[in-house]
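Biologist: Could you show me how to read a model like this one, beginning with how its strands are put together?

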Amino acid sequence: MIGLKQMPEGVVLETTRGPFQARAAVNCAGLHSDRITRMSGERSAARIVPFRGEYYQLKPDRYHLCRNLIYPVPDPNFPFLGVHFTRMIEGEWSAGRMPSWPLPARATASAT
Ligand SMILES: Cc1cc2nc3c(=O)[nH]c(=O)nc-3n(C[C@H](O)[C@H](O)[C@H](O)COP(=O)(O)OP(=O)(O)OC[C@H]3O[C@@H](n4cnc5c(N)ncnc54)[C@H](O)[C@@H]3O)c2cc1C
């Protein structure tokens with residue numbers, strides 16, 4: 001979807017395959033949902049600020065330290081999922097994600 005027009009009788013979604021008319025549209029575009037909101041001419045109360053994160057892998061001789069998924073206790077003052085340990089399908093363990101800087105261009109642009 002590349003555009004959205006609100007009409008008295010509904011909405012017209014502009015897509016790469018041409019326009020699509022509907023009575024209503026549900027915005028479920030995930031990390032792009034704020035952009036879709038702006039396309040509609042509405043102001044979004046929320047702003048999405050994506051940032052890059054890096055995952056690390058446990059060394060095989062440390063696999064025994066984790067037997068199940070490990071998640072930090074949520075902290076409402078720091079609303080990120082936090083570093084968690086995830087067992088992957090082949091049995092290896094990932095640890096992450098560690099936010100890394102600098103922020104990508106979109107985050108920088110939307111934060112200013
Ligand atoms: C590495 C990783 C691990 C995760 N692990 C977990 C987990 O273990 N448990 C858990 O609960 N959650 C997990 N999550 C989070 C989870 O994936 C998201 O919360 C969830 O996918 C959000 O769903 P959504 O439908 O809101 O958005 P999305 O799944 O992002 O769907 C949005 C869709 O909109 C489409 N879209 C966007 N813009 C447009 C456009 N202009 N036109 C057309 N289509 C568009 C996108 O292509 C996408 O298909 C993880 C996320 C990541 C990145």
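Biologist: Which residue of β3 stands opposite Thr 15?

Modeller: Strands of a sheet pair through backbone hydrogen bonds, either parallel or antiparallel. Here the residue opposite Thr 15 is Gly 18 in β3. This is a predicted model, in which local features need pLDDT of at least 70 and side-chain atom pairs count only at pLDDT 80 or more, while totals for chains, interfaces and linings use all residues. Residues are numbered from 1 along each chain as its sequence is written.

Biologist: How many bridges join β2 and β3, and how many residues lie between them in the hairpin?

Modeller: Two strands count as paired if DSSP finds at least two bridges between them, and β2 and strand β3 (residues 18-22) have five, in the antiparallel sense. Their hairpin has two residues between the strands. A hairpin of two residues connects β1 to β2.

Biologist: In what order do the elements of the chain run from the N terminus?

Modeller: Helices (H or I, at least four residues) and strands (E, at least two) are DSSP runs, numbered from the N terminus. In this chain there are two helices and six strands, and the order is β-β-β-α-β-β-β-α.

Biologist: Which strands form the open sheet of three, and which of them are its edges?

Modeller: The three strands lie in the order β4-β6-β5, with antiparallel pairing. The edge strands β4 and β5 each pair on one side only. Neighbouring strands in this sheet are turned by 30° against each other on average, direction ignored, where the axes are lines fitted to C-alpha atoms and angles run from 0 to 180 degrees between N-to-C directions.

Biologist: Why does Ser 44 count as partly exposed?

Modeller: A residue is buried if 20 or more other C-beta atoms, placed from the backbone, lie within 10 Å of its own, exposed if 12 or fewer, and partly exposed in between. Ser 44 has 14 such neighbours inside 10 Å, and therefore counts as partly exposed. Ser 44 is found in the loop between α1 (33-39) and β4, and across the whole chain buried residues make up 0% of the 112 residues.

Biologist: Which residues does Ser 44 touch, leaving out those up to four places away in sequence?

Modeller: Contact requires C-beta atoms, placed from the backbone, within 7 Å, and Ser 44 touches Asp 34, Thr 37 and Arg 38.

Biologist: Which residues surround the ligand?

Modeller: A residue is near a molecule if its C-beta atom, placed from the backbone, lies within 6 Å of it. Around the ligand are Met 1, Cys 28, Ala 29, Gly 30, Leu 31 and His 32.

Key
Two residues are in contact if their C-beta atoms, placed from the backbone, lie within 7 Å.
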